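Please read them with the coordinates open.

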Amino acid sequence: MGTASLSILAPSKPSPTPEKDPSNPSTALLSEESITAPPRPSKPGSFLFTFLLVLTCISVAFSVAFAFLYFSSPASRGSPKSTLDVVARPLSKLKRPAVILISTDGFRFGFQFKAPTPNIGRLIANGTEAETGLIPVFPTLTFPNHYSIVTGLYPAYHGIINNYFTDPATGDFFSMHSHEPKWWLGEPLWETVVNHGLPAAVYFWPGSEVKRGNWSCPPYFCPNFNDSVPFADRVDAVLGYFDLPSDEIPVFTTLYFEDPDHQGHKVGADDPQITDAVARIDQMIGRLIDGLESRGIFEEVTLILVGDHGMVGTCDKKLVFLDDLAPWIEIPQSWVQSYSPLLAIRPPPDVSHSDVVDKMMEGLSSGKVENGKNLKMFLKEDLPERLHYHASDRISPIIGLLEEGFKVEQKRSKRKECGGAHGYDNAFFSMRTIFVAHGPQFARGRKIQSFENVHIYNLITSILKIKGAANNGSETFPSSVLLPSAN
């Protein structure tokens, strides 16, 4: 399943039993009195009463201690309501299940603690959360991850292997404005839904404007991306879908916010601007909850809140310059498909790929290249299998993996800047994001292990009770997370 989790358990040390202090006169006096005091005659009834009283006190003490240990244990720290969740809660107002998939771009796991987030906290307390975050796919970039979430495919299989790249077969260039179907492989959730004759709505999501098959991206249900649309207007538009006749209410809807990624690239992961952005996102979640509550359907609509990747601070001191490798090999700019955080190199056909990797690694490991030890070069087929990043001709034959927070540039310059980036190895905790789900099929107050976002596609098709397309996600994952149906 590609799951990963971190758990630190520190065994508690037994407390030493305090010894009597013989230098304390009060202690000595009490001790002496207990020895020298003359015995008092006792009646059988008085002795029995005292014995029962002591026994009762001991029983109460044990009960209190047991209750304290139980309710302070990790398994019981969720909402007390979680013990009542045995089966999925039934719908009463909605005709069929409905899912709203919400993405907050660049919401690094842990950002939820940067500001008071009562609305996100409400979803967590009354829903299911990936306790140590959601694991993005590699590369940890916006377009590859958003499309993995809605297709259940790794980038090598859905085709969007970077935010920008060139197709070596045609020479065509892909950018975040490319909406031709040839680039976008797999079957996204909105297409799966309409293929089953059900309505879907996409209020911004990478790939949603691609028209193919039964998906025509109708303007009301699929507006073209426009970052000038206020977040509140986006929320209100999604709420408006639930005012439609019951047969027209989308069973699947997306909602996208480009914050806090927008701020993170400018100021890094630790800045008051991030705190403010997180607070605004929480306000939007509150606006959505209020709107659903006013319609009496909050408990029936499934909300899934995710991010696409995390964020880490970068600065000019953490740079590797390709021109510094000139004594070993020259890497011209024309070979480079992308620099940072994913270095992708495509040499001409007459240049040996393995020779390029060997010579680059010789220079990087020589100790003579500044920050060279923080860049590792691979033939794509030699990358760690867990990255799933080789089975596509669109992926450059030579890939460089950077240590967290480092960047690659062609040559030195006088430019000085600090900011934030993502795209690094998805094993870095800083690249993790959030997963919070609230709805009839999610247990209240439940914590689950971290998992890769390719499993979300099957999770949503299971909630909607429709058959999904072939994908890289686990078929058994939904049953490990969702409550079983009552019938």
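1. Burial and overall make-up. Of the 487 residues in the chain, 50% are buried. Buried means under 20% relative accessible area, exposed over 50%, and partly exposed in between, with a 1.4 Å probe and protein chains only. This is a predicted model: local features need pLDDT of at least 70, side-chain atom pairs count only at pLDDT 80 or more, and totals for chains, interfaces and linings use all residues. Residues are numbered from 1 along each chain as its sequence is written, and side-chain values use heavy atoms, with hydrogens and water left out.

2. Secondary structure and contacts. The chain holds twelve helices and 17 strands. Both are DSSP runs numbered from the N terminus: helices are H or I with at least four residues, strands are E with at least two. Among contacts with a separation of 6 or more, 74% join residues 24 or more positions apart. A contact here means heavy atoms within 4.5 Å.

3. Disulfide count. How many disulfides does a search of the whole structure find? The answer is two. The criterion is a pair of cysteine sulfur atoms within 2.5 Å. With the bonded cysteines numbered in sequence order, the pairing reads 1-2, 3-4.

4. Cys217 and Cys222. These two cysteines are joined with an S to S distance of 2.0 Å. The torsion about their S-S bond is about -75°, so this disulfide is left-handed. Cys217 is buried at 6% relative accessible area. Cys222 is buried too, at 2%.

5. Cys315 and Cys418. In this disulfide the sulfur atoms are 1.5 Å apart. The S-S torsion is about 65°, so the bond is right-handed. Cys315 sits in strand β8 (residues 312-315) and Cys418 in strand β15 (residues 418-421), so the pair ties together parts 103 residues apart in sequence. Buried or partly exposed? Cys315 is partly exposed, with a relative accessible area of 30%. Cys418 is also partly exposed, at 48%.

6. Largest pocket. Its volume is about 830 Å³. The search runs on a 1 Å grid over the protein atoms alone; a pocket is an open set of points with protein on both sides within 12 Å along at least five of seven lines, while a cavity is a set where a 1.4 Å probe fits but cannot get out. Lining residues have an atom within 4 Å of a point. Grid points are joined across faces, edges and corners, and a volume is the space filled by probe spheres set on the points.

7. Lining of the largest pocket. There are 33 lining residues, and Thr142, Phe143, Asn163, Tyr164 and Met176 lie nearest the centre. Elements giving two or more residues to this lining are α4 (142-151), α8 (261-267) and β10 (336-338). Which element gives the most? It is α8, with three residues. By class, the lining has 14 nonpolar, 14 polar and five charged residues. Ala, Val, Leu, Ile, Met, Phe, Trp, Tyr, Cys and Pro count as nonpolar, Asp, Glu, Lys and Arg as charged, and the others, Gly among them, as polar.

8. Largest cavity. There are two cavities of 30 Å³ or more. The largest has a volume of about 70 Å³. It is lined by 14 residues, with Ile161, Phe165, Gln337, Ala344 and Ser396 nearest its centre. Elements β3 (165-166), β10 and β11 (342-345) each give two or more residues to this lining. The lining divides into eight nonpolar, five polar and one charged.

9. Second largest cavity. It holds about 50 Å³ of space. Its lining includes Tyr147, Trp184, Trp190 and Trp215. Six of the lining residues are nonpolar, one is polar and two are charged.

10. Asp270. This residue is in the loop between α8 and α9 (272-294). Asp270 is exposed, at 64% relative accessibility. Its side chain makes a polar contact with the side chain of Lys114 at 3.2 Å. A polar contact is a pair of N or O atoms within 3.5 Å; within protein, one must be able to donate a hydrogen and the other to accept it, and residues adjacent in sequence count only if both atoms are side-chain atoms.
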